[in-house]
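Have the sequence and the 3D view open while you read.

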Amino acid sequence: MLVIDFHNRASRFMRSGQRNSFSEAATVFQGKRLPEAATPVGYAALIEVYDLSVPLPLALAAIGPRHKVYEADGWHIYTPRHAPDADLGGHLAFALRYEGLDLAMLKALFRVTGPDHRVGTSGSDRRLCTAALVSLRMAAGGTARSA
């Protein structure tokens, strides 16, 4: 299935395990109302796209239309310039950078994508994602080979 990312950066095909395309702006996410129409990102986007069965984090992240960062109703609303690439690597890097490490979420994600999935990011985002993958493998009793 062809997917046009919501940041108008490129067209992509869905990858293995991906159930939906990365979402557009919404006012409700899994029964949790957003303070304004915004695009869920990070863990929220990964939960939606990969249909992960995990408890929702206490605070979720979204990209709002205005250039104002704020928190409201259990949401962290970021500016359009914070928007990640509309792919696994972009949303994973965003989640790790702004939402912290959630091992339960990563475990559920790897059950869908597979533990050897390569994250196609570059620079510091790639190092961030690689560190998270190694941490998860070590926590699961695996080896510390890098992604």
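Predicted model: local features only at pLDDT ≥ 70, side-chain atom pairs only at ≥ 80, totals over all residues.

The protein chain has four helices and seven strands, and along the sequence they come in the pattern β-β-β-β-α-β-β-β-α-α-α. Out of 147 residues, 45% count as buried. If you look at contacts between residues at least 6 apart in sequence, 51% of them join residues at least 24 apart.

**The sheet**

- Five strands make up an open sheet, ordered S3-S4-S5-S7-S6, with mixed pairing.
- The edge positions go to S3 (26–29) and S6 (70–72); each has a single partner strand, so one side of each has no neighbour in the sheet.
- Going from one strand to the next, the twist averages 50°.
- S3 and S4 (residues 32–41) run antiparallel and are joined by three bridges.
- Along that pairing, Val28 sits opposite Arg33 of S4, and Ala26 has Ala38 of S4 as its bridge partner.
- On to the next pair: S4 and S5 are also linked by three bridges, in the antiparallel sense, and here Pro40 is partnered with Ala62 of S5.
- How enclosed is S4? Seven of its ten residues are buried, so the rest of the structure largely encloses this strand.

**Helices on the sheet and on each other**

- H1 lies across S3, S4 and S5 (60–63), and runs at about 80° to S4.
- H1 (residues 43–50) also meets H2 (residues 88–99): their axes come within 8 Å and cross at roughly 145°.
- On the H1 side, that contact uses Tyr43, Ala45, Leu46 and Tyr50, while H2 brings Leu88, His91, Leu92, Ala95, Leu96 and Glu99.
- Sorted by class, the H1–H2 contact has eight nonpolar residues, one polar and one charged.
- His91, which lies in H2, is worth a click: His91 is buried, with a relative accessible area of 0%.
- A polar atom of the His91 side chain lies 3.2 Å from the backbone nitrogen of Gly42.

**The nonpolar cores**

- Which residues touch the most other members of the largest nonpolar core? Among its 28 residues, those are Phe22, Phe29, Leu46, Tyr50, Leu52 and Trp75.
- S4, H1, S5, S7 (75–78), H2 and H3 (103–113) each put at least two residues into this core.
- H1 gives the most to this core, with seven residues.
- Leaving out residues up to four places away in sequence, Trp75 touches Phe29, Lys32, Arg33, Leu34, Pro35, Leu60, Ala61, Ala62 and Tyr70.
- There's also a second, separate core of six residues, which includes Val41, Ala61, Ile63 and Phe94.

- Met105, Leu106, Ala108, Leu109, Phe110 and Thr113 are the ones to look for in H3 if you want buried positions.
- Just past H3, Gly114 takes a positive phi of about 95°.

- As background, most residues other than glycine have a negative phi.
- Where is Gln30? In the loop between S3 and S4, a hairpin with two residues between the strands.
- Gln30 is partly exposed, at a relative accessible area of 47%.
- Asp51 is another non-glycine residue with a positive phi, near 50°.
- Asp51 belongs to the loop between H1 and S5, and at 52% relative accessibility Asp51 counts as exposed.

Technical notes. Residues numbered from 1 in each chain as written. Heavy atoms only, no water. Axes fitted to C-alpha atoms, helices over the stretch in contact; angles between N-to-C directions. Contact = heavy atoms within 4.5 Å. Nonpolar A, V, L, I, M, F, W, Y, C, P; charged D, E, K, R; others polar. Pairing = 2+ DSSP bridges. Core = buried A, V, L, I, M, F, W, Y, C linked by side-chain atoms within 4.5 Å. Buried < 20%, exposed > 50% of the residue type's maximum accessible area, 1.4 Å probe, protein only. Polar contact = N/O pair within 3.5 Å; in protein donor to acceptor, adjacent residues only side chain to side chain.
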